[in-house]
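Subject: The structure we talked about, with notes

Hello,

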Amino acid sequence: MTILRRAAGAIRTAFPGAKGMIGLAILLAFTAIALLGSLLAPYPKNYIEFEPWLAPSMHHWLGTDSYGQDVLSQMIYGTRTSFWVGVIAGLITTVIGVAVGIISGFKGGWVEEALMRVVDLLLIIPTLALMIILASFLPSMGVTSTILIIGCLSWLYMARSIRSQTMAERQSGYVEAARMVGMKDTEIMFREILPNIVPVILANLVLVTTQAVLAEAGLSFLGLGDPTNVSWGTILALANANNAVLFHAWWWILPPGLAIALFCFGFILIGNGILEKYRANRGNAAL
Amino acid sequence: MRYNSVYLLNRIGFSLVTLFVAATLNFLLPRLMGGDPASALASDKALGSQQVADALKAQFGLDNPSLLYQYGQYLKQLLHGNLGISYANYPSPVIDVIGKALPWTLGTVLTATLLSYLVGWLIGIRGAWKSGSFFDQSTLFSAFFLNSVPFFWIAIIFIMIFSFYLGWFPLGQAVDPTYGAMSAMEKVRSVLYHAILPVFTLIIASLAGHILVLRNNLMRVLSEDYMLLAKAKGLKASRRKYAYGARNALLPSFTGLMTSLGHVIGGAITTEIVFSYPGVGLVTFNAILNHDYPLIQGAFLCIAVSVIVCNLIADLLYPLIDPRVALG
Amino acid sequence: MSALLEVRELSVEYPSARGVVKAVDRISFTIGRGEIFGLAGESGCGKSTTAFGICRLLRPPARLAGGSVRLDGVELTALPEDEFDKLRWAKLSIVLQSAMNNLNPVMTIRKQLTDAILAHEPDAASAADARAAELMKLVDLPADRLNSYPHELSGGMRQRVVIAMAMALKPSLVIMDEPTTALDVVVQHGIIRKMMELQRRFGFSILFITHDLPLMLQMCDRIGIMYAGKLVETAPASRILKEPKHPYTQGLLDSFPALSGEKRRLTGIPGHPPDLIRPPAGCRFQPRCRRAMPPCLSVEPALLPDRDGLGKVACHLYGEEEGAREQASAASE
């Protein structure tokens with residue numbers, strides 16, 4: 001009982017507020033689908049033996065597409081791709097963004113100037129355009145390259161946000177104290193400052209993950225994903241290419257978009273919960 | 001005149017450097033990805049002519065193994081507006097293919113960005129002024145939703161509802177099939193009629209960011225002392241809201257307006273595919289399908305250049321609306 | 001002579017996560033015509049909140065929880081918003097604490113001076129510019145500064161602009177909430193001198209708020225001392241200086257260097273102000289008071305006139321059996 005209660009307390013701290021709890025529930029559902037996909041899906045992946053353009057029914061909850069594939073099964077397999085691309089690319093982005101942000105925010109001087117100039121420069125060039133160039137010149141596209149491309153190109157905003165947070169932390173007493181006792185810069189940055197800005201990092205992680213999911217959908221829609229794989233983006237790309245609208249096949253169009261929206265929404269709810277709580281705590285400290 | 005030369009030179013210099021970086025990325029990235037530059041720009045098979053391929057190879061220095069030499073030649077050709085020849089549209093030069101597509105994209109994207117900014121501004125301000133109200137809560141919720149769906153999905157849904165079921169707008173394209181035989185007035189009507197839904201899509205899809213930013217900014221401004229003093233002065237609520245609050249909330253978001261332009265162009269790429277709208281996005285999509293590498297690279301450059309130029313314009317306008325900039 | 005401002009039983013509270021905070025608890029005082037009245041106390045004692053409550057500028061969730069404010073016989077708390085807007089600035093202007101953020105950064109000084117005038121006298125459009133120039137002269141600023149933006153002026157100049165603005169409609173009461181706190185000492189003196197000069201010239205009343213007690217003793221005719229949302233003593237400034245009655249006032253005076261005369265040892269007041277959600281029973285100062293007595297723990301002292309009728313004090317030391325108490329305390333010292 002006490003263990004359960006303590007666990008519940010820990011979850012409530014990590015995912016503050018009702019919003020945070022709803023967000024957590026959404027994400028857990030998607031995680032389950034991503035992990036157990038092949039068990040949950042009613043039919044095998046890319047199985048095309050059904051009649052095309054079937055409306056939703058007991059046999060096909062989300063109908064079938066123009067190729068005769070079961071849309072629900074494709075959605076479930078697609079969850080795996082979108083989920084992992086989002087999560088892993090989000091993590092890569094976070095590592096780069098945090099490193100650049102903390103280093104430039106803490107070091108200041110020419111290091112900061114140089115790094116932030118680079119960030120400003122790259123921010124102007126539309127990220128999707130850069131991704132297109134990279135993806136279209138790769139000899140072959142797989143999930144790994146999608147993840148790498150998205151992960152390595154999405155850290156700019158995050159670096160900025162982490163930098164300004166680090167600059168604020170740099171003023172505080174514990175950093176001064178760490179310097180007095182002669183800690184090395186890298187130690188101060190990653191042992192002292194990093195733990196103190198975890199909420200900001202988490203909130204950013206949540207945002208870049210949703211961005212990664214959206215970027216994956218965009219790249220797949222442009223035909224730059226793994227052609228043998230299925231993701232929410234490829235389902236939509238096929239629906240669009242096969243004029244699903246003209247066949248009234250809303251069951252092919254609505255689910256992938258709503259899935260993306262719901263998934264991102266879960267992340268955003270958690271992120272906002274974390275940020276609100278962090279701000280509230282900070283606010284009290286300032287008073 | 002509020003400009004000072006340092007600010008001016010700084011912004012122009014920054015734009016030039018950005019242009020240079022974009023051009024360099026365009027040169028380097030395909031090579032880093034392991035692509036073969038000769039087949040990417042001058043494949044005799046894709047072009048269908050050994051002669052043309054050899055001429056292109058010479059122009060771009062691809063007959064010389066030195067990367068530096070190739071880079072020099074590439075920059076030189078770039079300055080002459082030579083981006084190579086489009087494989088799929090042989091013998092049209094890339095620059096011509098893009099030149100035809102760019103006005104469609106810029107027209108819809110710029111209109112949508114400005115309108116979206118305006119609408120987001122009004123909604124964000126109203127929300128912050130009465131924060132916590134039903135209006136505020138519901139727009140916040142919608143903004144979060146819109147922030148988490150792809151542009152192209154909204155485009156498909158809009159086509160399904162407004163074009164297919166309601167029949168209010170065409171299913172796609174930028175003009176009617178009979179455009180060639182139309183009078184000038186009819187042509188204008190045709191263009192506008194076809195542009196409404198794509199622009200509307202871009203507005204809705206990019207609205208969320210503006211609402212959130214403006215709302216946050218105004219919330220911060222509302223806690224400033226000058227807002228309190230404005231109230232103590234007995235100024236009318238509308239004057240406090242707009243001349244004091246909104247104007248101050250607007251300024252920090254102005255630079256964000258141009259950053260959002262890049263975001264909207266990114267969204268326009270996929271939206272144009274859905275609408276079969278003949279802009280840079282559709283060109284890029286077809287180029288990807290056809291492995292038309294010169295065109296992909298050209299499209300990237302042209303998107304980058306458009307955004308950089310728009311940014312510069314915004315930077316130059318900024319001192320005119322914020323008295324603190326050029327002097328600070 | 002009737003008082004210009006009568007504050008009676010004014011309370012301000014705001015909800016918090018732990019409960020309702022009583023930031024200002026049933027305080028009463030009056031300000032006469034042409035009088036400079038000071039409110040002093042530690043930060044967080046409710047002095048600024050009182051000022052904001054009087055001019056209805058409380059930021060939600062803070063709200064008036066009761067009491068009455070009469071300005072020139074008009075009840076302010078019950079006035080509809082649009083009626084009150086007409087009265088703002090025309091009768092009651094305010095100078096706020098921060099010199100940096102008092103002015104709208106994207107508007108010229110001229111616009112900010114004239115919009116205060118035009119909001120109340122829409123027909124004054126043609127004369128507004130000339131009046132703005134006059135106001136600048138009033139505070140010794142050149143008229144060409146009217147075209148400047150706030151960031152182009154120094155902190156002291158900005159605060160002069162704000163003071164000029166407060167004079168724009170010749171109000172009968174000017175509330176000054178720490179008007180010179182953010183400025184350096186030399187600039188501060190110049191501004192205080194200017195304010196006093198303008199006050200003598202136009203004869204308006206001032207509600208002056210500061211934590212700088214020496215400054216207040218110099219400037220004000222009468223002073224009110226606040227502690228934890230309560231008014232604990234009011235008296236003429238000279239009387240507060242020479243003969244502070246409330247132990248808190250005494251403690252406050254002891255924590256500042258003497259203005260003149262012999263050097264004293266500075267002593268602070270030990271302890272912290274109480275929790276305003278659950279204030280201590282009886283006298284709120286009692287946990288920190290060196291002279292606390294049994295009744296202080298249970299009976300809240302009322303603010304009662306003292307013997308000579310010059311001031312008022314809320315302390316059991318000066319109750320009905322004042323004489324006896326004073327003897328007792330003298331004996332114990």
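This is a predicted model: local features need pLDDT of at least 70, side-chain atom pairs count only at pLDDT 80 or more; totals for chains, interfaces and linings use all residues.

Residues are numbered from 1 along each chain as its sequence is written, and chains are lettered from A and ligands numbered from 1 in the order in which they are written.

How the chains meet

Two residues are counted as being in contact if their C-beta atoms, placed from the backbone, lie within 7 Å. Two pairs of chains are in contact, and chains A and B share the most contacts. On that interface, 34 residues of chain A touch 41 residues of chain B. The elements of chain A that give two or more residues to this side are α4 (109-124), α5 (127-137), α10 (198-221), α11 (232-241) and α12 (250-286); here helices (H or I, at least four residues) and strands (E, at least two) are DSSP runs, numbered from the N terminus. Sorted by class, the side of chain A that touches chain B has 27 nonpolar, seven polar and no charged residues, where Ala, Val, Leu, Ile, Met, Phe, Trp, Tyr, Cys and Pro count as nonpolar, Asp, Glu, Lys and Arg as charged, and the others, Gly among them, as polar.

The contact between chains B and C takes 18 residues from chain B and 22 residues from chain C. On the chain B side, α10 (225-232) and α11 (237-275) are the elements that give two or more residues, and α10(B) supplies the largest share, six residues. That side divides into eight nonpolar, two polar and eight charged residues. Chains A and C, by contrast, are joined by no contact, and their closest C-alpha atoms lie 10 Å apart.

In the model, residues 143-162 of chain A are 90% helix and 0% strand, with end C-alpha atoms 28 Å apart, and residues 193-214 of chain A are 95% helix and 0% strand, with end C-alpha atoms 31 Å apart. For chain B, UniProt (again an unreviewed entry) gives the feature "transmembrane region" at spans that include residues 101-123 and 144-171. Residues 101-123 of chain B are 100% helix and 0% strand, and their end C-alpha atoms are 33 Å apart, whereas residues 144-171 of chain B are 68% helix and 0% strand, with end C-alpha atoms 28 Å apart.

Two pairs of packed helices

In chain A, α4(A) packs with helix α7 (residues 156-170) at an angle of about 145°, with the axes 9 Å apart; axes are lines fitted to C-alpha atoms, for helices over the stretch in contact, and angles run from 0 to 180 degrees between N-to-C directions. The contact is made by A:V119, A:L122 and A:L123 of α4(A) and by A:L156, A:A159 and A:R160 of α7(A), and by class it has five nonpolar, no polar and one charged residues.

In chain B, helix α12 (residues 280-289) and helix α13 (residues 293-321) pack at an angle of about 155°, with their axes 9 Å apart. That makes α12(B) roughly antiparallel to α13(B), a term used for angles over 145 degrees, with those under 35 counted as roughly parallel, 65 to 115 as roughly perpendicular and the rest as oblique. The contact of α12(B) with α13(B) has nine nonpolar, one polar and no charged residues.

The sheet in chain C

Eight strands of chain C form an open sheet with mixed pairing, in the order β6-β7-β8-β3-β9-β10-β12-β11; two strands pair if DSSP finds at least two bridges between them. At the edges stand β6 (92-95) and β11 (304-305) of chain C, each with a single partner strand, so one side of each is left without a neighbour in the sheet. Strands β7 (residues 173-177) and β8 (residues 205-209) of chain C run parallel and are joined by five bridges, and C:M176 has C:F208 of β8(C) as its bridge partner.

Best wishes

Key:
UniProt positions are given in the numbering used here, feature names are shortened, and annotations may be inferred rather than shown by experiment.
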